[in-house]
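Here's a quick tour of how the pieces of this fold sit together. Have the model open while you read.

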Amino acid sequence: MFHVKQFDVVVVGGGHAGVEAAHAAHRLGLSTALITKSKYDLGVMSCNPAIGGLGKGHLVREIDALDGLMARVADRSTIQHRLLNRSKGPAVRGPRAQIDRSVFRQEMASEIAKAGNISVIEGEVLDIIEENGRICGVNVAKLGDIRATSTIITTGTFLGGKIFVGREVVFGGRMGQTSSKALSDRFRGLGLGVGRLKTGTPPRLNSRTINWDALSRQEGDTHPEFLSFMTRKTSLPQIACGVTATNDLTHEIIRNNLHLSAMYGGDIEGVGPRYCPSIEDKVSRFADKSEHQVFLEPEGLNDDTVYPNGISTSLPVDIQESYVRSIRGLEQVEILQPGYAIEYDFLDPKSLEPTLEHSELKGLYFAGQINGTTGYEEAAAQGLVAGLNAGLAAKELPGLSFDRSSSYIGVMIDDLVSRGVTEPYRMFTSRAEFRLKLRIDNADQRLTEIGYSIGCVSEDRWAHYSTKKGRIAAGYHILSRRGFTSHELERVGFSVKHDGQKRTPFELLSLPGVDLADVVKLVESNEIAEFEPSILEQLAIEARYAHLLHRQESEVEALAKDQNLTIPLDFDYERLSGLSNEVKSKLKAHEPKTIAHAARLEGITPAALTRIVIELRRVE
Ligand code: FAD
């Protein structure tokens with residue numbers, strides 16, 4: 001039983017946003033209460049057993065750069081590491097970790113317990129306490145008021161949560177847990193701009209009833225790219241996943257029963273994630289496709305549950321059973337938990353400041369799925385931002401905001417607070433105009449110093465980061481201290497222009513076809529050959545991108561100057577090549593008057609804006 005009723009920071013909700021928020025406040029040295037419905041909530045993954053991926057992996061690295069929890073806890077729980085987009089440019093690669101769900105929860109709970117100044121309190125928050133226009137804590141069922149200088153709401157899919165399996169509807173925050181009605185009513189009563197969104201999850205399958213021999217396998221990487229900058233080795237044995245696919249019969253069963261699907265029956269008013277469609281969506285929207293891949297992902301080393309990635313559904317249980325059993329390898333499968341859809345309240349994030357504090361209700365912060373996002377990584381990154389800012393406010397220090405040019409965290413927060421959401425928001429690399437600069441390899445160089453300056457980065461991490469920074473500077477110095485003439489370069493096998501220029505090994509690395517190993521040989525002493533491969537790799541990436549980065553920054557500066565350019569009402573978006581149909585239809589529907597207006601529309605990328613500016617300038 002806890003006795004303290006006054007804290008510096010109170011966090012409501014122990015999901016991915018909540019634990020990150022509480023830990024961030026703890027790292028700033030503040031007394032923190034983490035109030036959640038069950039103490040077993042910490043680190044629960046409501047949907048897929050995976051962390052990271054494209055865009056999301058960038059967010060996790062950035063959380064890690066600020067000494068947050070997600071990356072290190074995930075690395076200790078990973079049963080398969082894969083670097084996605086390995087064959088593409090370094091800016092769009094994303095580390096993905098398949099997680100042992102129960103190890104992740106244990107590791108997360110142990111990090112929170114180790115923190116010392118975080119009190120985990122079990123209970124349902126019913127209300128927020130308002131005094132003189134400031135929020136100063138919460139009211140908890142059976143426990144009464146718990147007061148704090150800053151309060152953070154991270155209630156995920158729980159506010160007004162409704163679960164749908166076919167035509168059956170129950171109130172719930174996720175399967176097996178009650179939803180939060182009182183807090184939902186209170187936010188609606190306050191006129192906070194509450195809307196409805198939906199998402200779905202697939203049925204969970206019994207591994208022992210899958211015919212694994214009939215399936216192809218997807219192995220993990222032998223040389224893993226960890227999520228945390230601090231991880232050196234895998235903690236758990238690594239496994240392979242199974243791969244199968246839907247077929248004509250599966251599609252026919254689904255098509256014949258679409259009217260029974262909650263998502264399709266018109267029972268749900270909320271909008272779902274377009275980028276994470278249900279199998280009902282896929283079968284209807286991509287009617288010409290004869291199959292959709294399904295990845296069978298074990299949920300743990302000592303767990304028979306398998307997550308079939310790609311077939312989320314809200315069809316009735318018997319229909320789920322028959323379509324799943326039509327898939328190769330799943331003919332005899334037993335469903336352990338049916339797939340379902342969930343509809344829940346979200347708060348219009350346009351009512352928040354970039355610190356994630358509410359613009360009218362001072363002292364109150366919001367983070368995670370409640371702000372209209374979807375995904376563990378998006379939630380955790382917001383939790384971190386809210387936790388740091390709530391903590392800084394409790395210390396009466398200025399807030400910290402992240403800008404679009406230095407982090408994906410900044411891109412996401414800016415998108416949310418300035419454009420709002422019309423569907424669940426998830427991170428993609430295409431959302432960032434400074435993509436080439438915002439890479440997974442340099443997240444620490446972009447953020448760790450900021451974190452250290454406000455006190456949220458441990459001395460251990462700081463020492464690790466400082467060593468890396470020193471090594472990169474030393475490597476750069478060696479690669480840049482001497483320039484070679486074109487004749488000298490030709491003698492050792494490089495072909496370069498005879499333009500009278502001397503080129504340093506660093507500059508050579510930016511030329512197409514020039515290999516790191518060749519450049520290393522060029523440096524007379526073997527000092528550079530002794531550098532760690534990761535440092536050399538990063539120097540090569542910096543060199544390769546140097547001129548592109550320069551060009552990108554000029555483009556963004558030019559775009560900033562074009563903000564007030566007027567777009568005529570009869571502007572023909574159809575004529576523009578390079579704009580997706582989705583972007584064109586959004587622009588036609590909203591008829592933005594200026595480039596600045598167009599930029600605020602959700603889903604309008606910097607590349608699309610540049611295309612419009614070029615066309616406007618052309619016809620000027
Ligand atoms: P949650 O993880 O939901 O945590 C909320 C916490 O708040 C819980 O601990 C809860 O107990 C606590 N809480 C709620 N109300 C109260 C209260 N009144 N008092 C005290 N505590 C309270 N993400 C994807 O990326 N892709 C998907 O396909 C996907 N599908 C999903 C499908 C389903 C069915 C669900 C439920 C979620 C899905 N998600 C998906 C979303 C993912 O689970 C969330 O994005 C992520 O968990 C959000 O983290 P959060 O911290 O904001 O909230």
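Strand E7 (residues 125-131) and E8 run antiparallel and are joined by five bridges. Helices (H or I, at least four residues) and strands (E, at least two) are DSSP runs, numbered from the N terminus, and two strands pair if DSSP finds at least two bridges between them. Bear in mind that this is a predicted model: local features need pLDDT of at least 70 and side-chain atom pairs count only at pLDDT 80 or more, while totals for chains, interfaces and linings use all residues. Residues are numbered from 1 along each chain as its sequence is written.

**Hairpins around E8**
- Val125 sits opposite Val140 of E8.
- E7 and E8 make a hairpin with two residues between them, and Asn132 in that turn has a positive phi of about 50°.
- On to the next strand: E8 pairs with strand E9 (residues 144-153) through four bridges, again in the antiparallel sense.
- Val138 has Ile146 of E9 as its bridge partner.
- The E8 and E9 hairpin has three residues between the strands, and here Lys142 takes a positive phi near 70°.
- Is E8 itself (residues 134-140) mostly covered or mostly open? Mostly covered, with five of its seven residues buried (20 or more other C-beta atoms within 10 Å of a residue's own, with C-beta atoms placed from the backbone; 12 or fewer is exposed, and in between is partly exposed).

**Around the ligand**
- There are 35 residues around the ligand, and Gly13, Gly15, Gly156, Gly368 and Gly375 come nearest (a residue is near if its C-beta atom, placed from the backbone, lies within 6 Å).
- At least two residues of this shell come from each of helix H1 (16-27), strand E2 (32-36), strand E12 (194-201) and helix H9 (376-394).
- By type, the shell has eleven nonpolar, 20 polar and four charged residues. Ala, Val, Leu, Ile, Met, Phe, Trp, Tyr, Cys and Pro count as nonpolar, Asp, Glu, Lys and Arg as charged, and the others, Gly among them, as polar.

**H9 against H10**
- H9 packs on helix H10 (residues 408-419) at an angle of about 90°, and their axes are 10 Å apart (axes are lines fitted to C-alpha atoms, for helices over the stretch in contact, and angles run from 0 to 180 degrees between N-to-C directions).
- That makes H9 roughly perpendicular to H10, a label for angles of 65 to 115 degrees.
- Glu378, Ala381 and Val385 of H9 meet Ile409, Met412 and Ile413 of H10 (contact is C-beta atoms, placed from the backbone, within 7 Å).
- This contact has five nonpolar residues, no polar ones and one charged.

**The three-stranded sheet**
- This open sheet runs in the order E3-E5-E4, with antiparallel pairing.
- Strand E3 (50-52) and strand E4 (78-84) are at the edges with a single partner strand each, so one side of each has no neighbour in the sheet.
- E4 and strand E5 (residues 94-99) pair over six bridges, with Gln80 opposite Gln98 in E5.
- Helix H2 (residues 56-65) packs on the sheet and touches E3 and E5, its direction making about 85° with that of E5.
- Helix H3 (residues 70-77) also packs there, touching E3, E4 and E5, at about 55° to the direction of E5.

**The six-stranded sheet**
- The order in this open sheet is E14-E15-E16-E17-E13-E18, with antiparallel pairing.
- The twist averages 40° from one strand to the next.

Terms used. Parallel < 35°, antiparallel > 145°, perpendicular 65-115°, else oblique. Contact = placed C-beta atoms within 7 Å.
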